[in-house]
Amino acid sequence: MSLTKVRVWLGSASLVGLILAAILFLYVMSPYVEHGVVPGFHSTSKDTVIFGATGVSCLFVCARLMAKRRWAWWVVIISTSLLGTVLLEPFWLTGFPLTGLC
């Protein structure tokens, strides 16, 4: 693979990670900014800790990707496959509404 293609893949993976981190940090601040928002984990402090830690870990993995660490690529591949599996659940529930994945 040429160096240009590697840089394009690196930049795109880092960009997606940074966008995900920004979205997670918006979720951290939403219960404090909008008072009508129901927290995802039914507690403002739990939401802050969970989404904040996930956002910080996204930033850390993006920084390691930019430093060309090999383990960061494996983290991206594993998390993408897990996220893809979770995103397939609505399609599964559409086909089999009574059973679901459980």
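Trainee: Which residues lie nearest the centre of the largest pocket?

Mentor: Please keep in mind that this is a predicted model. The largest pocket has a volume of about 470 Å³. Its lining is made up of 16 residues. Those that lie nearest the centre are Leu20, Val76, Ser79, Thr80 and Leu83.

Trainee: Which helix gives the most to the lining of the largest pocket?

Mentor: The chain contains four helices and zero strands, and its elements run α-α-α-α from the N terminus on. Three helices, α1, α2 (44–66) and α3 (70–87), each supply at least two residues of the lining. With seven residues, the helix that gives the most is α3.

Trainee: How many residues of the lining of the largest pocket are nonpolar, how many polar and how many charged?

Mentor: In this count, Leu and Val belong to the nonpolar class, whereas Asp, Glu, Lys and Arg are the charged ones. Sorted in this way, the lining divides into twelve nonpolar, four polar and no charged residues.

Trainee: Which residues form a nonpolar patch on the surface?

Mentor: The patch has about 390 Å² of accessible area together. One of its members, Leu15, has its place in helix α1 (residues 3–33), and Ile19 is also found in helix α1.

Trainee: Why is Ile19 classed as partly exposed?

Mentor: A residue is buried under 20% relative accessible area and exposed over 50%, with partly exposed in between. Ile19 is therefore partly exposed, because its relative accessible area is 45%.

Trainee: How far apart are the C-alpha atoms of Ile19 and Cys58?

Mentor: Along the chain, Ile19 and Cys58 are 39 residues apart.

Trainee: Is Lys68 buried or exposed?

Mentor: Lys68 is found in the loop between α2 and α3. Its C-alpha atom is 8.3 Å from that of Leu10, although the two residues are 58 apart in sequence. The relative accessible area of Lys68 is 57%, and the cut-off is over 50%, so Lys68 is exposed.

Trainee: What share of the chain do buried residues make up?

Mentor: The chain has 102 residues. Buried here means under 20% relative accessible area. The share of buried residues is 19%.

Technical notes: Residues numbered from 1 in each chain as written. Predicted model: local features only at pLDDT ≥ 70, side-chain atom pairs only at ≥ 80, totals over all residues. Heavy atoms only, no water. Patch = residues over 30% accessible without salt bridge, like charges linked within 9 Å, V, L, I, M, F, W, Y side chains within 5 Å. Areas by Shrake-Rupley, 256 points an atom, 1.4 Å probe, with all protein chains shown as cover. Salt bridge = Lys/Arg side-chain N within 4 Å of Asp/Glu carboxyl O. 1 Å grid on protein atoms, 1.4 Å probe; cavity = no way out; pocket = protein on both sides within 12 Å on 5 of 7 lines; lining within 4 Å. Points joined across faces, edges and corners; volume = space filled by probe spheres on them. Buried < 20%, exposed > 50% of the residue type's maximum accessible area, 1.4 Å probe, protein only.
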